[in-house]
Amino acid sequence: MSKKPKAYVSWSSGKDAAWALHKAREAGEFEIAGILTTVTGTFSRVSMHGVREELLDLQAAALGLPCHKVSIPWPCPNGTYEARMEEAVSALTAQGVTHMIFGDLFLEDVRAYREDKLKGTGLTPVFPLWDAETAALAREMIEGGLEAHLVCVDPRQAPKEFAGRRFDAALLENLPASVDPCGEQGEFHTVVTVGPMFTKPIACRPGEVVEREGFIYADFLPG
């Protein structure tokens, strides 16, 4: 009997990546071998989301998976980012990884970028959540036991007061009609602390809320 192909998950620390991992495990097509996360080394935080590296480590432990961290500087020119990602992809393929799982939902340009960058590398992109109806998907996550909080809000697209709020049914009811229920247009990003993908809940507590470079970040601390 042949072994399952080995896959890593592109892990943002948020709900879509977590649910993509969960769905991939349920489908059973791949051996989920680890997660890949971009960390802004200057701040020791997950890039874009602003989640502390300590929480990322707790997530990886609760997933029972190693985390391959791609460290980038701040600010980070695109050329530097792509070079670091190429190094990471080479390291993973050297370990026998053949697939990369993404939590993308419907942005065609993002998918095309990932497919283009992985072409010829030995890694095949996989999109378990692709084209899901996002309102239904958001409810599926919440009803499936996922708990997350909004750690980054784009105030040009969503109310800044949403930073730090729990991603739950009440939040979905309060979202303006222009905001995608999963935040797929970049309206918000989350950190997941509970869910069927974890072996145990991740204890954390809210910290300060700050504005940086036009985005509202809600800090969460371990413990």
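The model is predicted, so local features need pLDDT of at least 70, side-chain atom pairs count only at pLDDT 80 or more, and totals for chains, interfaces and linings use all residues. Residues are numbered from 1 along each chain as its sequence is written, and side-chain values use heavy atoms, with hydrogens and water left out.

I begin with the cores. A nonpolar core here is a set of buried Ala, Val, Leu, Ile, Met, Phe, Trp, Tyr and Cys residues joined through side-chain atoms within 4.5 Å; buried means under 20% relative accessible area, with a 1.4 Å probe and protein chains only. The largest such core has 51 residues, and W11 and F167 have the most contacts inside it. Helix α1, residues 15-27, gives the most to this core, with six residues. Helices are DSSP runs of H or I with at least four residues, and strands are runs of E with at least two, numbered from the N terminus. There is also a second, separate core of 15 residues, which includes I72, M100, F102 and F127.

I turn now to the sheet. Four strands form an open sheet in the order β8-β7-β10-β9, with antiparallel pairing; two strands pair if DSSP finds at least two bridges between them. Because β8 (188-194) and β9 (204-212) stand at the edges, each with a single partner strand, one side of each is left without a neighbour in the sheet. Strand β7, residues 147-153, is joined to β8 by six bridges. Within β8, H189 is the bridge partner of C152.

Notes: Buried < 20%, exposed > 50% of the residue type's maximum accessible area, 1.4 Å probe, protein only.
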